[in-house]
Amino acid sequence: MKLRGRNVVLYGDFSTLGKDEAVRRLQAAGARVTGDVTEETDLIFLAFGERGPIPRTDTMLKKPFLDEAALAGMLEREEGVAPAPALRPFLPPGALESAGDADALRALLDGADWSAFVPERDLVPLRARLEALEYEVGVADVHRLATQRLVETGARLLHSYGHDVEIVAHALSPDGRYLATGSWVGDDYDAGGVLQIWEVASGRCVHTVDGVMGGVGWPDYARSIQWSADSSRVAVAHCTNMVGVWNREDDEPLATIDVTDGNSRPSAYALSPDGRTAYSHCGTNGDGGLQGCLVPMDRGVLRWLPNHVDGDHPYLMARSLPDRVRRAFDEAGAQEDDGFKAGQWIERPVWSPDGTRLFGSNAISVDAETRQVVWYAPAKIAELSPDGRRVAAVTHRGLFFRDASDGRILCGPFALGKPGSLHWAPGTDRLAVLTPVTFEAPPSVHIFDGERHVSSVPLLHPEWESDERWTGDRNPWAWAPGGERAA
């Protein structure tokens with residue numbers, strides 16, 4: 001949310017910024033800083049240790065409460081942060097390969113600039129060179145020196161496996177380099193859960209976050225772990241109904257949101273491509289608008305009760321909807337047994353690659369800036385293509401391909417039985433449509449290239465029975481890069 005034009009209230013003494021500086025910078029960003037909370041207040045920032053103004057009126061409960069770290073992050077985002085300086089080299093290019101024996105490598109590492117050591121850039125080649133040397137001569141002084149220097153730079157030596165109970169969530173980073181795994185809580189709830197980051201190329205654990213409050217995710221819930229597009233941040237649903245985002249190497253969350261008003265299970269959410277915003281389901285399902293909220297995850301903690309808000313708010317999705325969209329909501333609701341017509345969630349939400357739109361598996365498209373529905377075409381299941389240009393959607397009439405920009409039907413329907421899941425091949429226009437076993441046919445996969453049906457193949461696997469078996473992060477289909485093969 002932009003600060004310009006927003007009404008802001010500050011409470012407490014801000015130790016990092018200072019209250020006067022905070023007011024000055026907020027006003028420079030176009031915000032209006034007021035002394036009291038009113039119906040027009042958009043945001044409340046509390047300094048560390050402050051419990052908030054008393055009494056906590058119903059008006060206050062409608063407003064998002066953020067901490068000092070969140071204020072600093074929003075100001076930096078509004079003002080623009082200077083680009084990071086160019087990183088100094090840890091070693092001259094090619095130096096590791098040219099160090100021919102243990103003594104030469106030890107002399108090289110002893111004279112290296114360890115203050116410039118960047119793990120994601122330097123650790124893999126260093127480790128590979130030390131491993132090759134270990135095969136030749138065993139563990140030598142150079143290995144002990146490298147370990148000592150790494151510890152001095154702040155590295156921690158950890159056991160490679162930190163999960164004490166069942167892994168309930170996993171997610172591969174977009175660049176394919178890392179796998180994040182998460183475990184829920186065991187018998188000792190207070191011990192929390194564990195998040196681990198693994199290096200795919202070597203199979204080694206490169207980071208462990210233990211004691212994740214309330215455990216990671218929940219058994220049989222999907223997409224509890226999500227990555228930013230550049231693979232630098234990882235978001236985790238934890239403590240049942242909260243979402244936190246970590247920098248890949250950090251032990252503590254960079255930002256946390258608690259906006260579901262105590263849901264008893266994880267709410268669906270979607271981390272934006274830049275890792276700085278999240279869409280989350282929340283308790284705002286009584287007024288007929290589009291459900292959920294878009295909240296910042298720059299830094300700090302956000303606690304909010306969106307269901308206390310009457311009407312519009314800059315974080316809430318659109319409350320007033322175009323007539324055609326509301327009619328579609330009502331028609332979809334009328335098909336349910338309870339006749340529920342009070343709006344629609346963005347089911348299984350995902351962002352477009354450019355971060356401008358949200359899409360749901362119920363074939364809904366939402367503008368992230370205006371929070372308005374762009375188009376809605378009720379479907380049983382729908383999936384956005386990797387390039388963000390097409391949506392494959394299944395209705396009772398069959399499979400359709402729609403233009404993601406306006407919902408226009410490109411082709412279809414294709415009668416394929418009752419598809420259970422859709423799977424786009426990364427970086428391609430290939431789509432696999434999986435149909436479970438029926439009385440008329442065995443389970444099958446139907447392959448499309450672009451909008452052309454190219455083949456159908458039965459899946460003769462004894463365990464492949466129905467889509468309902470594949471709960472949580474378990475997945476019956478995976479494309480190889482390029483879409484030429486699949487498992």
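Mentor: Two strands pair if DSSP finds at least two bridges between them, and strands themselves are DSSP runs of E with at least two residues, numbered from the N terminus. This is a predicted model, in which local features need pLDDT of at least 70, side-chain atom pairs count only at pLDDT 80 or more, and totals for chains, interfaces and linings use all residues. Residues are numbered from 1 along each chain as its sequence is written, and side-chain values use heavy atoms, without hydrogens and water.

Trainee: What makes β7 and β8 a pair?
Mentor: Strand β7 (residues 193-199) meets β8 in the antiparallel sense over seven bridges; the rule asks for at least two, so they pair. Within this pairing, V194 stands opposite D210 in β8.

Trainee: Why are β5 and β8 called edge strands?
Mentor: The open sheet has four strands in the order β5-β6-β7-β8, with antiparallel pairing. Both β5 (167-172) and β8 (204-212) pair on one side only.

Trainee: What makes a space a cavity?
Mentor: On a 1 Å grid over the protein atoms alone, a cavity is a set of points where a 1.4 Å probe fits but cannot get out; lining residues have an atom within 4 Å of a point. Two cavities of 30 Å³ or more are counted by this rule.

Notes:
On a 1 Å grid over the protein atoms alone, a cavity is a set of points where a 1.4 Å probe fits but cannot get out, and a pocket is an open set with protein on both sides within 12 Å along at least five of seven lines; lining residues have an atom within 4 Å of a point. Grid points are joined across faces, edges and corners, and a volume is the space filled by probe spheres set on the points.
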